[in-house]
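Here is a short report for a reader new to protein structure. Keep the sequence and the 3D view side by side as you read.

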Amino acid sequence: MKRILTITIIGLLLTACKTESRTGYLINGNAKDVYNGVRIYLKQVDERGQQVVTDTAIVMDEKFKITGSIEEPAVRFLSIDGTKGELIFMLENSEIDITVNKANPMASVVKGSETNNDFIKFQDEMAEIRKKSQMTIVNYRDAIKNNDLERKDSIHNVLEGYSLEMANHAITFAKANNDAYFSLNLIGLELNKPKIDVEAYIEAFENLTPNLKDSPKGKETRKKLDELYEEYQKIAHLEIGKVAPNFEAPNPNGDMVSLNDIKGKVTIIDFWAAWCGPCRKENPNVVRIYEKYHDQGLEIIGVSLDGDQRQKDPKKLWLEAIKKDNLTWHHVSNLQYFNDPVAKLYNIQSIPATYILDKDGKIAYKNLRGKALQLKVEELLNQ
């Protein structure tokens, strides 16, 4: 739990949520059972992601004080010399009372910081969702143990709901607390994740109060959102449920073949190459699926990314791989490696990669292999 909490807020810098009456902060520390002379450290994370000490205090009669000033509320760490662990809290220009828990600094109580109250609220809500999820996992395992398949499937759906709730909690919190700078910074933090729903975060940001959106942090976040949205637009056409973009490329005979010409009831666009070991290893499975379901409406078009400069004769190697692996479906390639126009259109960064289309040509699934690919092809054919 401590690690999760730490990861959640590292680098989370918060802007003041209202005009401060104080020009600085005063930390009143109550350090029960901490001996006289023990040093307290106030730390922050620098630009390199390393903790650095910004101030210290000496405990006397189980008390300590730290004063200073901060431009905007921000994450700080409080540690006790000789004690494992540390308190993570939000520091702002106000009078803050900290009751130190020597045995477990993370459980120390912080009062007097509004932004810290929001942080605690967010973490408490997340912990509650996680708790319910863990209880459900126990029931799920019990259903498996008793071979209760109907109950197992029902509980699995509940677990998926909790998983989605945790994944979306930052957005949910920001929408419910649209006047809190903590919400603004939650959005900013989430934007650093590799995969996010950009449109959902834009909606959450636009729901914030005007003073938040117009603040320095708000302007910074808006700029980041604009950049992410611009990138998202380049691949928005590849989302599940979108009609797969048509393309045209030469087959081994040099004739142009388009996706729209060969679509079936189910269509697999298979990005591969003769030089790709994992692709070649998966080919026998794809062959079995094709032979089993082709007569029912399955079509496959293989898009080869051969053309690596290390290949002396990429076309020859491509054709030899088709023959050797018994790939009897449609094949196209511009022999331009990852610069292939079709690969770029479909944002292919690595292979093997697959797009599975339904009867309407819409993208139903991506990057399925093995048994999972077969099951989804069968499912789509039976719709």
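Is the link of C276 and C279 right-handed or left-handed? The angle about its S-S bond is 75°, and the link is right-handed. Keep in mind that this is a predicted model.

**The disulfide**

The model has 1 disulfide by the distance rule used here. The sulfur atoms of C276 and C279 lie 2.3 Å apart. The cut-off is 2.5 Å, so this pair counts as a disulfide. Both C276 and C279 are buried.

**The sheet**

Now turn to the strands. Strands of a sheet pair through backbone hydrogen bonds, either parallel or antiparallel. Here, 5 strands make an open sheet with mixed pairing, in the order β13-β12-β11-β14-β15. β13 (330-332) and β15 (363-366) stand at the edges. Each has a single partner strand, so one side of each is left without a neighbour in the sheet. From one strand to the next, the twist averages 20°.

Helix α10 (residues 277-293) lies across β11 (266-272) and β12 (298-304). Its direction is at about 155° to β12.

**Strand β14**

Look at β14, which covers residues 353-357. The table lists its pairings with two other strands.

| Strand pair | Sense | Bridges |
|---|---|---|
| β11 and β14 | antiparallel | 5 bridges |
| β14 and β15 | antiparallel | 3 bridges |

Which residues stand opposite Y355? In β11, I269 stands opposite Y355. In β15, K366 does. Another bridge partner in β15 is Y365, which pairs with I356.

β14 and β15 form a hairpin, with 5 residues between them. In the turn, G361 has a positive phi of about 80°.

How many of the residues of β14 are buried? The count is 5 of its 5 residues, and the strand is mostly covered.

**The largest pocket**

Rolling a probe the size of a water molecule over the atoms shows where empty space is left. The largest pocket has a volume of about 730 Å³. It is lined by 23 residues, and P194, K195, I235, E239 and N347 are the closest to its centre.

Which elements supply the lining? α8 (216-235) and β14 each give at least two residues. α8 gives the most, with 5 residues.

Note on methods. Residues numbered from 1 in each chain as written. Predicted model: local features only at pLDDT ≥ 70, side-chain atom pairs only at ≥ 80, totals over all residues. Heavy atoms only, no water. Pairing = 2+ DSSP bridges. Helix = DSSP H or I, 4+ residues; strand = E, 2+ residues; numbered from the N terminus. Axes fitted to C-alpha atoms, helices over the stretch in contact; angles between N-to-C directions. Contact = heavy atoms within 4.5 Å. Buried < 20%, exposed > 50% of the residue type's maximum accessible area, 1.4 Å probe, protein only. 1 Å grid on protein atoms, 1.4 Å probe; cavity = no way out; pocket = protein on both sides within 12 Å on 5 of 7 lines; lining within 4 Å. Points joined across faces, edges and corners; volume = space filled by probe spheres on them.
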